[in-house]
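Subject: Structure handover

Hello,

Here is the structure I promised to pass on. Please open it alongside this note.

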Amino acid sequence: MFSSRVPENLEPNRLTGAVRCVRAAGTALIDLTVSNPTTAGIQYPASVLDSLADPAALRYEPSPLGLPEARAAVARDYVRHGINVAPERVVLTASTSDAYSVLFKLLCAPAGDAVMVPVPSYPLFDHLTRLDGVLSIPYRLEYHGRWAIDFETLDQEWTDAVRAVLAVSPNNPTGSMLTGAELAALAERCAARDAALIIDEVFADYPLSSRAPSRPDRFVCLTLRLGGLSKSAGLPQVKLGWILVDGPEALARGALDRLELICDTYLSVSTPVQLAAPSLIAAGAAVRAGILDRIRDNDHELRTLAAAYPSIHVLPCEAGWSAVLRVPSTRTEEDLVIELLERDGVLVHPGFFFDFAHESFLVVSLLPERPAFVEGVRRVLERARA
């Protein structure tokens, strides 16, 4: 009866089952996987959502690509990154996940087409591609002092079915940013092979190093850049994302014309959030500053604590909300994270959750409040070296 887009086996994995048991028992738990800033003790202005109550939202005038004032607000916000964007090149979506679905509909045939996806990276990509009937082909990021694209394997895995390459910069969870040379190399391959380049930049507002993001002056292929209020303003609940359409004029124009039809079919972005967009983007600056202070402080604490454990290495991280620890392979990652959960009361992600090529890695969120974060990290370090 049911579509193959949804996995047939919906049984929880071993870690999920263990987490449910611990929580059902009422055991105190330090959660080092938290990714929701609204539950992490970040201070939000009391009035941050007031603009959603604008009475003007009582009148519904659908605009497929988004209301002009909202698209202009998004374009203005990119100026602080040194990027000049024409509002006409901004397409509003209900979220970044919604943007991916829209783009898969834009670029991929109903069956048989594929996109290339970086690994390690979001586990969500498997679901997003499958739900739109798109094949996901992984390409590797290799770590040799810094994360970099393995172009040899990318070229080997590329097939005639590939319609787009997905790039995440800053990457989640590695925190690595693509260099200008890597972006140019991806764009050149896409241009030569009639594919689009999709760049997920949602963590660009959270640098942990002094290196500025690399952005080419111009893209030689159709390029679709993703952002949203979930990360840039720490407001995942208001559901506003966007696509910046870049690249050669003819391709960009063709994409915008087709995106208008797709978005007009669904009209997924609410009027209240579009009218509130200028105020939400402005208010997000204070929230963003609070998140940035938190993750920088926790990143410093983590590296200071880990320095006392020679067998454990915290990998360099250029931006984002996560940190990666390479730990001794004395047992499987799954066994280690379940030991941490059941014996130490700490929840972390295993590396295989993000499709790391080998063991043993742990991924921790930098969002938790400092006392819980420090205590949780201390327990992780002690258990991992044991």
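Below is what I found, from the whole chain down to single residues.

**Ground rules**

This is a predicted model, so local features need pLDDT of at least 70 and side-chain atom pairs count only at pLDDT 80 or more, while totals for chains, interfaces and linings use all residues. Residues are numbered from 1 along each chain as its sequence is written, and side-chain values use heavy atoms, with hydrogens and water left out.

**Overall**

The chain has eleven helices and 14 strands. These are DSSP runs numbered from the N terminus: helices are H or I of at least four residues, strands E of at least two. The C-alpha trace spans about 60 × 50 × 50 Å along its principal axes. A compact globule of 386 residues would have a radius of gyration near 21 Å, and the chain agrees, with 21 Å. That radius is taken over C-alpha atoms; the globule rule is 2.2 Å times the number of residues to the power 0.38.

Of the 386 residues, 52% are buried. Buried means under 20% relative accessible area, exposed over 50%, and partly exposed in between, with a 1.4 Å probe and protein chains only. Contact means heavy atoms within 4.5 Å. Among contacts with a separation of 6 or more, 75% join residues 24 or more positions apart.

**Helix 2 and helix 9**

Helix 2 (residues 68–77) packs on helix 9 (residues 271–306) at an angle of about 25°, and their axes are 7 Å apart. Helix 2 is therefore roughly parallel to helix 9. Axes are lines fitted to C-alpha atoms, for helices over the stretch in contact; angles run from 0 to 180 degrees between N-to-C directions. Under 35 degrees counts as roughly parallel, over 145 as roughly antiparallel, 65 to 115 as roughly perpendicular, and the rest as oblique.

The crossing of helix 2 and helix 9 is left-handed. That term applies if the near helix is turned anticlockwise from the far one by less than a right angle; clockwise is right-handed. Helix 2 contributes E69, A70, A73, V74, R76 and D77 to the contact, and helix 9 contributes Q274, L275, A277, P278 and I281. By class, this contact of helix 2 with helix 9 has seven nonpolar residues, one polar and three charged. Here Ala, Val, Leu, Ile, Met, Phe, Trp, Tyr, Cys and Pro count as nonpolar, Asp, Glu, Lys and Arg as charged, and the others, Gly among them, as polar.

How enclosed is helix 2 by the rest of the structure? Largely, because seven of its ten residues are buried. Those buried residues pack against strand 2 (90–93), strand 9 (241–246) and helix 9.

**Helix 3 and helix 4**

Helix 3 (residues 96–107) meets helix 4 (residues 124–131) at an angle of about 40°, with axes 10 Å apart. Helix 3 is thus oblique to helix 4. Their crossing is right-handed. S97, Y100 and F104 of helix 3 touch L124, F125, L128 and T129 of helix 4. The contact of helix 3 with helix 4 has five nonpolar residues, two polar and no charged.

**Single residues**

- L240 lies in the loop between helix 7 (229–232) and strand 9. L240 is buried, at 3% relative accessible area. Its contacts beyond four places in sequence include L92, V273 and A277. L240 and V273 are 33 residues apart in sequence, and 7.1 Å apart C-alpha to C-alpha.
- S322 is in strand 11 (residues 322–326). S322 is buried, at 13% relative accessibility. Among its contacts beyond four places in sequence are N172 and P173.

**Backbone points to check**

Most residues other than glycine have a negative phi, and most peptide bonds are trans. These are the exceptions I would look at.

- N172 and P173 are joined by a cis peptide bond, with omega about 20°. P173 sits in the loop between strand 6 (162–168) and helix 6 (180–192).
- E359 and S360 are also joined by a cis peptide bond, with omega about 10°. S360 is in the loop between strand 13 (349–350) and strand 14 (361–365).
- D194 has a positive phi, near 55°. D194 is exposed, at 59% relative accessibility.
- L267 has a positive phi, near 45°. L267 is partly exposed, at 32% relative accessible area.

Best wishes
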